[in-house]
Amino acid sequence: MSATGLDVFDRTIHLTNTWLDEMMTSLPHDRQLAWHALGTVLRTIRDRIPVNLAAHLGAQLPLLVRGVYYDQWRPSEVPKDWRSAAEFLGIISAELSSLRPIGAGDAAQATFRVLNHHFDPNQVEKVRHALPEEVRALWTAGRQQGQSAA
């Protein structure tokens, strides 16, 4: 039986919870913290890559995650011009500062792992290569052993 009465909602809730569970394998076991970390990292990536690629990435996200991804997006103001891993992590850190302590690097790694697991490797590579070299170095390419695209 459907929890919401709409299969599309049930599916996105299930997928979003799966993503959050995966985030929490390396972050504190706090669903709200995982949600905030996922949204923060996705928006930071979104604001640095070309608009067309950002839209293509957003279209592949589960419906609920897509909402947090597009929150406060201003396509006319992107892509941003930050170039270093320190700037990337600084943006994430500033967004996460109001929550329990969580490292920006940990949030980024958890998000990268989820994207590697659920996205086609070619799509991951397109997004990675649109980012500055120092940020690409943080994002290990490829799926983790035993995982496949969902």
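**A quick tour: one loop and the core**

Okay, let's start with Gln72, which counts as exposed because its relative accessibility is 61%, and the cut-off for exposed is over 50%. Keep in mind that this is a predicted model. Gln72 is found in the loop between α4 and α5, and its phi is near 60°, a positive value in a residue other than glycine. Most residues other than glycine have a negative phi, and most peptide bonds are trans.

That brings me to the peptide bond between Val78 and Pro79, which is cis, with omega at about 5°. Pro79 also lies in the loop between α4 and α5.

Now, still in that loop, have a look at Ser84. Buried or exposed? Ser84 counts as buried, because its relative accessibility is 17% and buried means under 20%. If we skip residues up to four places away in sequence, Ser84 touches Glu134 and Val135.

Okay, on to the core. The largest nonpolar core has 40 residues, and the ones touching the most other members are Trp19, Met23, Ile45, Ile49, Phe88, Ile92 and Trp139. Which helices supply at least two residues each? Those are α1 (7-23), α2 (31-46), α3 (51-59), α4, α5, α6 (104-118) and α7 (121-130). In soluble globular proteins, nonpolar side chains tend to be buried together.

Let's zoom in on Trp19. Leaving aside neighbours within four places in sequence, Trp19 is in contact with Leu38, Leu61, Pro62, Val65, Val114, Leu115, His118 and Phe119.

Notes
Residues are numbered from 1 along each chain as its sequence is written. This is a predicted model: local features need pLDDT of at least 70, side-chain atom pairs count only at pLDDT 80 or more; totals for chains, interfaces and linings use all residues. Side-chain values use heavy atoms; hydrogens and water are left out. Helices (H or I, at least four residues) and strands (E, at least two) are DSSP runs, numbered from the N terminus. Buried means under 20% relative accessible area, exposed over 50%, partly exposed in between (1.4 Å probe, protein chains only). Contact means heavy atoms within 4.5 Å. A nonpolar core is a set of buried Ala, Val, Leu, Ile, Met, Phe, Trp, Tyr and Cys residues joined through side-chain atoms within 4.5 Å.
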